[in-house]
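User: I've got a model open on my screen and would like to talk it through. Could you take my questions one at a time?

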Amino acid sequence: MPHSNDSRISASYSAMIFPAADFEVVSGANLGDPLTGTDDLCLGDVYMLYDESRAIEVTIADAARAHGTEARFMETGSAQHRVAHGSELGSPGDPLTLQGRLTLMAPDGDTVDLVLIGHRRMRQAQDDLFFLPLAPIEPRVQYTLLSADPDTGDVRLSDITPVAFTRGTRITLADGTQRAIEDLAPGDKVLTRDSGPQPVRWIGRRTVRAVGACAPVVVTRGTLSNESDLIVSQQQRLFIYRRGQRRLAETSEVLIKARDLVDDESVFIRRGGFVEYFHLVFDRHEIIYAEYIPTESLLLNAENIARLPDDLARDVSATLPDASQQPHFGSEADSSVLSKLGLRTPRGEGKG
């Protein structure tokens, strides 16, 4: 497949990756060097992720992907994967190659695997190197390199916690009352902005370490007229509606990812410990109210199912086998929208 900047290249799935330059040797033979390809690594070197490092969402078009929930990288070193439309990295059509798999050990004895990914821009002679953590990694923690294999093997892309609310988040019901999300059950009717009362069709939950891309965003009380803190996953999008001269973008409706609101003051990322996430699915992709803030439900399509862990992917596919939802119409916020809102672009991981 030749290189193309065609924005019609659609995503098969997406992943949160980090620049290899942000993962540096702090002890060992390659002291001071950033993460490199497998040929230049020394086992026993100790690496640390920069505190200010920010995960980048890359959307991927994979011609060789399997169907259903089996979205995977298929061949090490083969450029069958290309950047798709909507990616934060590169341009549609840029080739992506898998260049190795590393195993590292944290101080507590837990191990984490990293997949090395090369990205090449048009007319660029060499790849830029990135890595995909297959489990959350944390800044300022030392990881010792145990093994480095140029063959990645079969990689399941379930590293992202997609649209999700945390335990204790109050959801507005059809009658206007609020209920903690952990007390909801399938069939309960929730107030939606566009469709009125709608029954919940599926609720998923999982507990993960609150580090890296899995650490939640805290929108503090009063920031968006919320009466209590809203705590959601970084990918959760909040909904803003303004029309006429107050319009923020090409459309009156704008969706903003929670992590793009981070200013390290009124909105920050809370790291450390564990966090329990809940996913809500309706018959359609809906705008609902969490802590009185309009925000989206989980968009149920092949891409988002592929992001879920195997058990949740199997469960939601069994519950709603034919679901293929269209996203709620609205502009995706960019830096100009954030500026109009009086919000700054993200500066890093925020408060711990």
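User: Is Cys214 buried or exposed?

Analyst: Quick ground rules: this is a predicted model, where local features need pLDDT of at least 70, side-chain atom pairs count only at pLDDT 80 or more, and totals for chains, interfaces and linings use all residues. Residues are numbered from 1 along each chain as its sequence is written, and side-chain values use heavy atoms, with hydrogens and water left out. Buried means under 20% relative accessible area, exposed over 50% and partly exposed in between (1.4 Å probe, protein chains only). Cys214 has a relative accessible area of 5%, so Cys214 is buried.

User: And how many disulfides does the structure hold?

Analyst: A disulfide is a covalent bond between the sulfur atoms of two cysteines. The cut-off here is a pair of cysteine sulfur atoms within 2.5 Å. Cys42, by the way, is partly exposed at 27% relative accessible area. The number of disulfides is zero.

User: What does the secondary structure of the protein chain come to?

Analyst: Helices (H or I, at least four residues) and strands (E, at least two) are DSSP runs, numbered from the N terminus. Of the 352 residues in the protein chain, 52% count as buried. The secondary structure comes to three helices and 26 strands.

User: Which residues do ring pairs link into a cluster?

Analyst: Rings of Phe, Tyr and Trp (its six-membered ring) pair if their centres lie within 6.5 Å; planes under 30 degrees apart count as stacked, over 60 as edge-to-face and the rest as tilted. The structure holds four such aromatic pairs. In one of them, Phe23 and Phe131 have ring centres 5.1 Å apart and planes at 40 degrees, so the pair is tilted. The cluster is made of Phe18, Phe23, Tyr47, Phe131 and Tyr143.

User: How many residues apart are Phe23 and Tyr143 in sequence?

Analyst: Phe23 is buried at 1% relative accessibility, and Tyr143 is buried at 5%. Their ring centres are 6.4 Å apart with planes at 50 degrees, so the pair is tilted. Phe23 lies in strand β2 and Tyr143 in strand β10 (residues 142–149), so the pair ties together parts whose separation in sequence is 120 residues.

User: Which residues have the most contacts inside the largest nonpolar core?

Analyst: In soluble globular proteins, nonpolar side chains tend to be buried together. A nonpolar core is a set of buried Ala, Val, Leu, Ile, Met, Phe, Trp, Tyr and Cys residues joined through side-chain atoms within 4.5 Å. The largest one has 28 residues, and elements giving two or more residues to this core include β18 (217–219) and β23 (274–281). Those with the most contacts inside the core are Ile171 and Leu280.

User: What about a core apart from that one: how many residues does it have?

Analyst: Another core does lie apart from the largest one. Among its residues are Tyr47, Leu49, Ala55 and Ala106. The count for this core is 23 residues.

User: What separates the C-alpha atoms of Leu41 and Leu102?

Analyst: Leu41 sits in the loop between β2 and β3 (46–49) and is buried, with a relative accessible area of 13%. Contact means heavy atoms within 4.5 Å, and, leaving aside neighbours within four places in sequence, residues in contact with Leu41 include Tyr47, Leu102 and Leu145. Leu41 and Leu102 are 61 residues apart along the chain, and their C-alpha atoms are separated by 9.8 Å.

User: Which residue in β16 stands opposite Thr192?

Analyst: Two strands pair if DSSP finds at least two bridges between them. Strands β15 (residues 189–192) and β16 (residues 196–199) run antiparallel and are joined by four bridges, with a hairpin of three residues connecting them. Opposite Thr192 stands Gly196.

User: Last one: which residues are exposed on the other side of helix α2, away from its buried ones?

Analyst: In α2 (residues 310–319), the residues Leu312, Ala313 and Val316 are buried. They cover an arc of only 100 degrees around the axis, which puts them on the same side of α2; the arc is that of the directions from the helix axis to the C-beta atoms. Exposed on the other side are Arg314 and Ala318.
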